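Here is my note on the structure you sent. Please keep the view open while you read, and check each point against it.

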Amino acid sequence: MTKTIFEVAGMNCMHCVGKVESALTDQAGVEKVKVNLKKGEAKVKYDESAVTANQLIENIKTAGYTATPK
């Protein structure tokens, strides 16, 4: 398992947090997600043989936000 922290831009409410969490948890290979609105980040634990960090970033972008690995 790999743990990555993504800096997520564009979140400004708990609804945004929910959208980012859903975009990540719906992805096969993701085990755990914790999104922090105040810090503007998402901590993700995932199986790197099933999903890549770039795929997770694309999922966040599809949800309407931008993300970069910290």
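1. Start with the packing of helix α2. Its buried residues pack against β1, α1 (14–25), β2 (30–36), β3 (41–46) and β4 (66–69). Bear in mind throughout that this is a predicted model.

2. Which residues of α2 are buried? The helix covers residues 53–62, and L56, I57, N59 and I60 are buried in it. These residues lie on the same side of α2, because they cover an arc of only 155° around the axis. An α-helix has 3.6 residues a turn, so residues three or four places apart point the same way.

3. Now turn to the other face of α2. The face turned away from the buried side carries N54 and T62, which are exposed. Just after the helix comes G64, with a positive phi of about 110°.

4. Next, the sheet. In what order do the four strands lie? The order is β2-β3-β1-β4, in an open sheet with antiparallel pairing. β2 and β4 are the edge strands, and each pairs on one side only. On average, neighbouring strands of this sheet are turned by 25° against each other, direction ignored. As background, strands of a sheet pair through backbone hydrogen bonds, either parallel or antiparallel.

5. Take the strand pairs one by one. β2 and β3 are antiparallel and share six bridges. In this pair, K32 stands opposite K45 in β3. α1 packs on the sheet and touches β1, β2 and β3. The direction of α1 makes about 165° with that of β2.

6. β1 and β3 also pair in the antiparallel sense, over six bridges. Here T4 stands opposite V44 in β3. On to the next pair: β1 and β4 run antiparallel and are joined by four bridges. V8 stands opposite A67 in β4.

7. Look at T4 in more detail. It sits in strand β1, which covers residues 2–9. Is T4 buried or exposed? T4 counts as buried, because its relative accessibility is 14% and the cut-off for buried is under 20%. The side chain of T4 makes a polar contact of 3.1 Å with the side chain of Y46. Leaving aside neighbours within four places in sequence, T4 is in contact with A42, K43, V44, Y46 and P69.

8. Step back to the whole chain. How many helices and strands does the protein have? There are two helices and four strands. Along the sequence they follow the pattern β-α-β-β-α-β. Compare this pattern with the strand order in the sheet, β2-β3-β1-β4.

9. Then consider overall dimensions. The C-alpha trace spans about 30 × 20 × 15 Å along its principal axes. The radius of gyration is 11 Å. A compact globule of 70 residues would have a value near 11 Å, so the protein agrees with that expectation.

10. Last, burial and contacts for the protein as a whole. Of its 70 residues, 36% count as buried. Now take the contacts between residues at least 6 apart in sequence. Among these, 61% join residues at least 24 apart.

Note on methods: Residues numbered from 1 in each chain as written. Predicted model: local features only at pLDDT ≥ 70, side-chain atom pairs only at ≥ 80, totals over all residues. Heavy atoms only, no water. Buried < 20%, exposed > 50% of the residue type's maximum accessible area, 1.4 Å probe, protein only. Polar contact = N/O pair within 3.5 Å; in protein donor to acceptor, adjacent residues only side chain to side chain. Contact = heavy atoms within 4.5 Å. Arc of directions from axis to C-beta. Pairing = 2+ DSSP bridges. Axes fitted to C-alpha atoms, helices over the stretch in contact; angles between N-to-C directions. Rg over C-alpha atoms; globule rule 2.2 N^0.38 Å.
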